[in-house]
Amino acid sequence: TTPVWVTGTVIRIERINPHSLIVIDQPRSHQPAQRWVIDGPSPNILARMRLADDFVMPGQVLTVCGFVLKDDAPIDSARQLSGHLLVLPNGKRQFWSDYGVFQKCLAPGEDAETYRREAFGR
């Protein structure tokens, strides 16, 4: 129920069914980077959102707001996050998914429906 903000370097993006994945490495002081696997929408939904394959590329820095999965069982030492809001390298805030409470990733006064309309061109 508590949103988590993660900033890290994009390692890879996988547009696979049933959910797309973004893998990022979050730097940590005096420790190896924490790897995160960010769960997102299916490739069909990404196409409906008109997100080009290169909307974010490996090597770029990405910030994600989302929710740690309940079981949070690491996959090869990576933590899992259900991503809701992306902050792209150019600073644009991009709707990613709303499996959960997307509104909790927004600042007071921001409207979740505005993000959804923008993402789907409605």
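In this predicted model, the count of disulfides comes to 1. The bond is formed by Cys65 and Cys105, whose sulfur atoms are 2.1 Å apart, and the torsion about the S-S bond is about -80 degrees, so the disulfide is left-handed. The pair links distant parts of the chain, given that Cys65 belongs to strand S4 (residues 61-68) while Cys105 sits in the loop between S6 and helix H2 (112-120), 40 residues apart. Both Cys65 and Cys105 are buried.

The strand pairing around S5 (79-87) can be described next. Strand S5 is mostly covered, with 8 of its 9 residues buried. It pairs with S3 in the parallel sense over 4 bridges, and within S5 it is Leu81 that stands opposite Ile38. With S4, in contrast, S5 pairs in the antiparallel sense over 6 bridges, and here Thr63 stands opposite Val87 of S5. Strands S5 and S6 also pair in the antiparallel sense, over 3 bridges, with Val87 standing opposite Arg93 in S6. The hairpin of S5 and S6 has 5 residues between the strands, and in this hairpin Gly91 takes a positive phi near 95 degrees.

Strand S6 itself (residues 93-95) includes Gln94, which is buried, with a relative accessible area of 5%. Leaving aside neighbours within four places in sequence, Gln94 is in contact with Met49, Leu51, His84, Leu85, Leu86, Leu88 and Ala119.

Turning to helix H2, the residues Ala112, Tyr115, Ala119 and Phe120 are buried. Seen down the axis of H2, its buried residues fall within an arc of 115 degrees, so they line one face of the helix. These buried residues of H2 pack against helix H1 (43-48), strand S5 and strand S6. The helix is followed by Gly121, whose phi is positive, near 65 degrees.

Aromatic side chains also connect H2 to other parts of the chain. A search of the whole structure finds 4 aromatic pairs. In one of these, the rings of Phe95 and Phe120 have their centres 6.0 Å apart and their planes at 65 degrees, so the pair is edge-to-face. Phe95 lies in strand S6 and Phe120 in helix H2, so this pair ties together parts that are 25 residues apart in sequence; Phe95 and Phe120 are both buried. The rings of Phe102 and Tyr115, with centres 5.8 Å apart and planes at 75 degrees, are likewise paired, and the pair is therefore edge-to-face. Since Phe102 lies in the loop between S6 and H2 and Tyr115 in helix H2, the pair ties together parts that are 13 residues apart in sequence, and both Phe102 and Tyr115 are buried. Ring pairs link Phe95, Phe102, Tyr115 and Phe120 into a cluster.

The largest nonpolar core has 28 residues, and those with the most contacts inside it are Ile22, Ile24, Ile38, Phe55, Leu62, Leu86 and Trp96. At least two residues of this core are supplied by each of strand S1 (4-14), strand S2 (21-28), strand S3 (31-39), S4, S5 and H2. For Ile22, leaving aside neighbours within four places in sequence, the residues in contact are Val10, Arg12, Ile13, Trp36, Val37, Ile38, Phe55, Leu62, Leu86 and Trp96.

How values were computed. Residues numbered from 1 in each chain as written. Predicted model: local features only at pLDDT ≥ 70, side-chain atom pairs only at ≥ 80, totals over all residues. Heavy atoms only, no water. Buried < 20%, exposed > 50% of the residue type's maximum accessible area, 1.4 Å probe, protein only. Contact = heavy atoms within 4.5 Å. Disulfide = S-S within 2.5 Å. Arc of directions from axis to C-beta. Core = buried A, V, L, I, M, F, W, Y, C linked by side-chain atoms within 4.5 Å. Pairing = 2+ DSSP bridges. Phe/Tyr/Trp six-rings, centres within 6.5 Å; stacked < 30°, edge-to-face > 60°.
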